[in-house]
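Please look at the structure below and read the report beside it, which goes from single residues to the whole chain.

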Amino acid sequence: MSHPIRYPRALCASTLMLFSLPLMAATERGFVEDSTLRLVNRNFYFNRDFRSRDDGVFNPRQQSYREEWAQGFQAFFSSGYTAGTSGVGVDVHGLLGLKLDSGGGTSGTNLLPLGSRNRAEDDFSAAGGALKLRAFDTELKVGDLFPVTPVFRYGDGRLLPQSFRGVSLRNTSLDGLTLQGGHLHAARNKASSNHDGEMSTEYGGTRYGSASYLGGDYSVAGGVSLSVYQSRFEDVWNQTYLSLSKGFVLDEGRSLELGANLYRTRDQGSARAGEIHTDSWSGYARLRIAAHSVMLAYQRIDGDQPFDYLGDGDSIYLANSVLYSDFNSPQERSWQVRYDFDFAALGIPGLSFMTRYLRGSHIDNSNVDPTGAYAYYSRLGSGGKHWERDFQLQYVVQSGPAKNLSFVVQQTIHRANTAQADGDVDQVRIITQYPLELF
């Protein structure tokens, strides 16, 4: 039975704020001139077939098929700064998600929030903002934030983006160097309107009160990039991240990129997720020849717990974290081969194709604490192995009124034995996105 679309008060309020803020500050030079308003229209179809959950570990009654279709609207207003050496500005956003298709038996893709009887809500919305202060090359933000770091990064893999409430600091005083820090105390997840939600970890589901991060990214001449970050999830873990990459121009039309990254995770404080002593790293080599690109990657998890990260977020920069699996089980070793082709070489600019194959093995869950946050791994035993195959076709309009309109089709097949947590999955995503820079 269809329901009339409601107009959430939060979205109406945020829209009013978006249009009134420039008028309120019209007398401040730079506040208006440097303002931007960006709209993102995102249409998302997602189906995921778990094949069978009756594998002796998972509940045989668990839902095995999920399918939803939804439309999302995102508005982001960012003001300039008031005049002077130091200045004040604001960032405001408004989000709206609408259900196009979802039944009680097929909900749960995380495109839409779930209501009574496990049914997707017809619509949901969120609005928020942040006050920002600038002095010289340093920017301070307080309010609703979208952090982007390897140890704490908001998630944007569904209909609407995730956001966090807290404070952040960013400095760009030195050429090529960006320093960042932040302290967050509340989350609003991707399929939620609640700005006061508790933060948690992705795999363990461990809740914690606050998180802090500090680090930086440095790029130097010659194509060398270095990143160093540290995060602290209160009473859960301390996590250190290191990455290094280098690009080489071989000759006209050919280039090589080499890179590696490392996460070091140790339990912290009262260790709510249990004892954690995990080192996770990956390395890759990518060769580009004209329109072709080939990448080889290797990844390794050294520890008796899975590599875990921010719940509902995207703060996993390991090379083998892909569309479905993160290849992050205890003691897992995995490799990947990936191929990309740019159809501009055939006279179709904006069209690209990607396919990759990954295989993981040597998974050993036998030492996972059966009473801790990752207890469900302990029932899987040792000898786990799995593979994933991904295909993606993408087209981005290059010019005209529809410039930057994109169409993406992604298809994933994942297969695993019973000693691996992810299980058998087939999934398809079809995403249409149209970003508009209004000013």
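Which residues does Gly 383 touch, not counting residues up to four places away in sequence? Gly 383 touches Ile 363, Asn 417 and Ala 419, where contact means heavy atoms within 4.5 Å. This is a predicted model, in which local features need pLDDT of at least 70 and side-chain atom pairs count only at pLDDT 80 or more, while totals for chains, interfaces and linings use all residues. Residues are numbered from 1 along each chain as its sequence is written, and side-chain values use heavy atoms, with hydrogens and water left out.

**Two residues in strands**

Both residues in the table lie in strands, which, like helices, are DSSP runs numbered from the N terminus (strands: E, at least two residues; helices: H or I, at least four). Buried means under 20% relative accessible area, exposed over 50%, and partly exposed in between, with a 1.4 Å probe and protein chains only.

**The nonpolar cores**

A nonpolar core is a set of buried Ala, Val, Leu, Ile, Met, Phe, Trp, Tyr and Cys residues joined through side-chain atoms within 4.5 Å. The largest one has 33 residues, and among those with the most contacts inside it are Phe 152, Tyr 208 and Phe 233. Two or more residues of this core come from each of β7 (177-188), β10 (211-220), β11 (224-233) and β12 (237-251). A second, separate core of 14 residues includes Ala 70, Phe 124, Ala 126 and Ile 431. Phe 152 and Gly 383 are 231 residues apart along the chain, and their C-alpha atoms are separated by 32 Å.

**The whole protein**

The protein has two helices and 20 strands. Its radius of gyration, taken over C-alpha atoms, is 23 Å, close to the 22 Å of the globule rule (2.2 Å times the number of residues to the power 0.38) for 439 residues, so the protein is as compact as a globular protein of that length. Buried residues make up 47% of the 439 residues.
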